[in-house]
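This report sets out the fold in outline and then turns to helix packing and to individual residues. Please keep the sequence and the structure in view while reading.

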Amino acid sequence: MLGLNRNVWILAMTQPLALAMSPAIVLISGFVGKSLAPRPELSTLPLSMMIIGITLGAMPAALLMQRFGRKRVFLAGMVINSLAALIAAGGIALSSFIIFLLGITLSGMTIAIMHQFRFAAAESTPAELAGRAISMLMLGSVAAAFIGTELAAFGQDWFATPYAGSFLALIAASVAGFILLCFYQDNTRPEQSDKDTPPVNWSDVLRRPTFLIALGSAAIGYGVMSFVMTATPLAMHDMMGHSLGDTKWVIQSHIMAMFLPSLVTGELIRKFGERTIIFVGLLAYLATTAFAYSGVEVLHYWWALVLLGVGWNFLFIGGTTLLTKAYKPHEKFRVQAVNDLTVFVFQALSSLSAGVILFLSGWSGIVTLSLVPTAVLLIAIGLTWTRIKSTVAAESQAS
């Protein structure tokens with residue numbers, strides 16, 4: 001990764017600390033939810049609230065950075081994330097599901113701030129090195145899977161109430177991240193909005209197959225991934241009796257599989273095209289269901305979750321790349337905003353429903369329902385791809 005400046009390295013080192021809360025919540029929030037929630041079906045509500053928090057925080061994060069600069073908001077995010085961890089720990093200690101959910105939601109809003117790291121890294125490098133900088137940030141996300149889950153397991157039994165110490169241990173990651181960010185140099189200037197930008201003709205946008213397939217790939221990719229991943233810790237640990245260590249290994253492997261392929265996905269898209277990569281991502285999702293159906297041993301879960309991670313990577317990056325060919329220059333930011341909002345809403349709804357489906361229909365119900373959107377997208381791609389190929393060329397010329 002030669003040629004990257006100090007800012008990129010600081011962000012790359014901070015990223016796993018800043019995002020450590022996310023994989024920790026994925027691992028243990030279902031267990032805490034089951035002990036605190038008034039009904040078992042609400043056990044996965046905490047994870048859903050994290051995703052809702054990310055959705056709620058995305059727009060304010062960008063607006064605050066436009067006004068105050070990235071560094072100030074990044075530093076504030078680390079402080080607020082520490083407060084969120086403290087609130088979550090307090091909720092567990094007080095046996096208050098509401099307080100716990102408040103802490104998790106607040107943490108999600110700060111995670112939305114940290115998702116801006118990739119833009120800050122790209123802005124800190126020449127345009128030709130932006131991809132390399134973003135790849136470094138992806139590696140940081142892999143490290144976050146280990147730091148977050150290890151800290152959660154490390155603090156699990158610090159107090160009489162299980163997992164209260166997990167969130168206190170996570171404060172150490174935020175403190176370390178805050179210290180690193182003190183050395184970040186904010187050299188970006190706020191962008192001024194263009195009041196003369198023509199309005200977006202949404203009826204025209206919604207008729208574009210490129211936009212629909214791009215949006216579907218990202219939304220279904222995120223939704224199915226969140227649906228299955230949310231249910232996995234409870235299915236493994238509580239229902240099938242697998243150890244927390246085995247469950248942690250499966251979640252860690254899943255998160256690695258989500259981000260490690262990013263180092264080659266861009267080149268694969270350049271060589272084979274978005275359609276092929278999206279199609280391979282859907283095949284990975286089909287393979288996920290095959291392994292999930294084949295048994296409930298640790299390795300069955302491991303293979304299913306690893307393939308789920310790879311499928312998400314191909315669908316999300318393939319869909320995002322295709323999205324750049326689905327809008328005109330003046331539509332860029334608003335179409336991207338609608339895309340991201342749709343993706344996070346779909347992810348939140350999928351995560352929220354996972355607990356209900358798991359307790360009503362079991363692991364097999366989760367696996368079966370995950371097949372439906374996968375099949376729908378496969379059919380949509382098959383029916384529209386001829387039209388997509390012709391409109392991509394026309395829209396590229398128009399832009």
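Contact, as the word is used throughout, means heavy atoms within 4.5 Å. Counted in this way, residues 24 or more positions apart account for 84% of the contacts in the protein chain with a separation of 6 or more.

## Basis of the report

This is a predicted model, in which local features need pLDDT of at least 70 and side-chain atom pairs count only at pLDDT 80 or more, while totals for chains, interfaces and linings use all residues. Residues are numbered from 1 along each chain as its sequence is written, and side-chain values use heavy atoms, with hydrogens and water left out.

## The chain as a whole

The protein chain has 15 helices and zero strands; helices (H or I, at least four residues) and strands (E, at least two) are DSSP runs, numbered from the N terminus. Of its 399 residues, 54% count as buried, where buried means under 20% relative accessible area, exposed means over 50%, and partly exposed lies in between (1.4 Å probe, protein chains only).

The accessible surface of the protein chain comes to about 17,100 Å², and 68% of this surface belongs to carbon and sulfur atoms. Such areas come from the Shrake-Rupley method with a 1.4 Å probe, and for residues only the protein chains shown count as cover.

## Two helices packed on α4

Two packed helices are described by the angle between their axes and the distance between the axes. Axes here are lines fitted to C-alpha atoms, for helices over the stretch in contact, and angles run from 0 to 180 degrees between N-to-C directions. Helix α2 (residues 21-36) packs with helix α4 (residues 70-93) at an angle of about 20°, and their axes are 12 Å apart. The angle therefore makes α2 roughly parallel to α4, given that angles under 35 degrees count as roughly parallel, over 145 as roughly antiparallel, 65 to 115 as roughly perpendicular and the rest as oblique. The crossing of α2 past α4 is left-handed, a term that applies if the near helix is turned anticlockwise from the far one by less than a right angle, with clockwise giving right-handed. On the α2 side the contact is made by M21, V32 and L36, and on the α4 side by N81, A85, G91 and I92. By class, this contact of α2 with α4 has five nonpolar, two polar and no charged residues; Ala, Val, Leu, Ile, Met, Phe, Trp, Tyr, Cys and Pro count as nonpolar, Asp, Glu, Lys and Arg as charged, and the others, Gly among them, as polar.

Helix α3 (residues 45-68) also packs with α4, at an angle of about 130° and with the axes 7 Å apart, so α3 is oblique to α4. Here L64, M65 and F68 of α3 meet R70, R72, V73 and F74 of α4, and the residues of this contact divide into five nonpolar, no polar and two charged.

## Buried residues and their partners

The partners in this section leave aside neighbours within four places in sequence. N81, which lies in α4, counts as buried because its relative accessibility is 1%, and N81 is in contact with A18, M21, S107, T110 and S174. F117 lies in helix α6 (residues 117-123) and is buried at 0% relative accessibility; its partners are L11, T14, Q15, A18, F74, L137 and L181. The C-alpha atoms of F117 and V8 are separated by 9.1 Å, although the two residues are 109 residues apart along the chain.

A354, in helix α15 (residues 332-398), is likewise buried at 0% relative accessibility, and A354 is in contact with T44, F227, T230, A231 and I366. Between A354 and A231, 123 residues apart along the chain, the C-alpha separation is 5.8 Å. K248 lies in helix α11 (residues 244-259) and counts as buried at 17% relative accessibility, with L27, T149, E150 and A153 as its contacts.

## Positive phi in two loops

S95, in the loop between α4 and α5 (97-114), has a phi near 55°, a positive value in a residue other than glycine. At 54% relative accessibility, S95 counts as exposed.

Y163 is found in the loop between α7 (130-154) and α8 (164-181), and its phi is near 80°, again a positive value in a residue other than glycine. Y163 counts as buried, at 9% relative accessibility.
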